[in-house]
Amino acid sequence: MTELLYLADGDAAYTQRFEARVVALPPGAIVLDRTFFYPTGGGQPADAGRLFRAKGGGSWPVVDVQRAAGAVLHRLGRPEENPKPLQLDEPLQGEIDWERRYRHMRLHTGQHLLSARLFAMTGRRTRGARFSGTGGTIDLEFGLGELPAASEIERDVRRWIEENRAVRTRLVPLAEYATEPPSRSAAVGVPPGIDPVRVVEIDAADRCPCGGTHVRSLGEVGGLQVHPPELRAGGEARISFRLTGALPPTPPG
Ligand SMILES: [Zn+2]
């Protein structure tokens, strides 16, 4: 088992360095007792970064991160030097590629806002969402009919970002969550065995069960460009979006 430190609370998403111990060494990968590296899931790509040996030299690039039966597999690239092989129980330091992580945080919160506002405007739920690089897609139920123009969606979302609404992460007991599941994500359901449910809330705009990493306030999203919807083979309307607005000169850490 790996302790998933990035889930702890909203502030955990901003941690860029941490210490951990090696607990398993499957071929080409490493399992730590705890990690802040986000593994691919929920439409959000994996983190990248580096692992450093605490004593004795050596560092390895982390090129992919995946969940596997309660553990997190950090797939390693070629080390720069030629260090002695990693050993079980060794202490390591991890460093997250912050530019990549912060972009994913902005995209993920931007996606929640867009899904929430599309639900508020049209009553349609998001069936699937994914993002990478500087953009992503949302697949909405019920096809193209009577969707607002992309410019109208963009204007609506901009107002919320300009108001810089707070984004919070709460752990809600399943029994409490089940009495009032968030309406826009009722279709998604909570996987069996999850209790409490991690809920990401945007002040006055949204509640959504989610295990991803998010910014603390909508202003950090910067801005979203929204493209006209396209009809998918499965009957959903696909809406593409892109981050606009420069990153803060020094992203908050
Ligand atoms: Zn999410």
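A nonpolar core is a set of buried Ala, Val, Leu, Ile, Met, Phe, Trp, Tyr and Cys residues joined through C-beta atoms within 7 Å. Buried here means that 20 or more other C-beta atoms lie within 10 Å of a residue's own, exposed means 12 or fewer, and partly exposed is in between, with C-beta atoms placed from the backbone.

Before you start clicking: this is a predicted model, in which local features need pLDDT of at least 70, side-chain atom pairs count only at pLDDT 80 or more, and totals for chains, interfaces and linings use all residues. Residues are numbered from 1 along each chain as its sequence is written.

**Stop 1: the core.** Select Phe-37, Val-65, Leu-113, Leu-114, Val-157, Leu-218 and Leu-224, the residues with the most contacts inside the largest nonpolar core, which has 46 residues. Now colour helix α1 (residues 98–122), which gives this core its largest share, seven residues. Helices (H or I, at least four residues) and strands (E, at least two) are DSSP runs, numbered from the N terminus. Domain 1 (3–96) and domain 2 (101–244) each supply at least three residues to the core, with bounds that come from an automatic or database domain assignment.

Centre on Leu-224 next. Leaving aside neighbours within four places in sequence, its contacts (C-beta atoms, placed from the backbone, within 7 Å) are Gly-110, Leu-114, Glu-154, Val-157, Phe-241, Leu-243 and Thr-244.

**Stop 2: a three-stranded sheet.** Show β11, β12 and β13, which form an open sheet in that order with antiparallel pairing; strands pair if DSSP finds at least two bridges between them. Since β11 (167–172) and β13 (206–209) are at the edges with a single partner strand each, one side of each is left without a neighbour in the sheet. Strand β12 (residues 197–202) meets β13 over four antiparallel bridges, and Val-200 has Cys-208 in β13 as its bridge partner.

**Stop 3: a cis peptide.** Go to the loop between α3 (174–179) and β12, where you will find Pro-196. The peptide bond from Asp-195 to Pro-196 is cis, with omega near 5°.

**Stop 4: two positive phi angles.** Which residue sits in the loop between β6 (59–68) and β7 (71–76)? That is Ala-69, which has a positive phi of about 50° although it is not a glycine. Ala-69 is exposed, with 6 other C-beta atoms within 10 Å. Then pick Asp-89, in the loop between β7 and β8 (91–96). Its phi is also positive, near 75°, and Asp-89 counts as exposed, with 8 C-beta neighbours inside 10 Å.

Conventions. Two residues are in contact if their C-beta atoms, placed from the backbone, lie within 7 Å.
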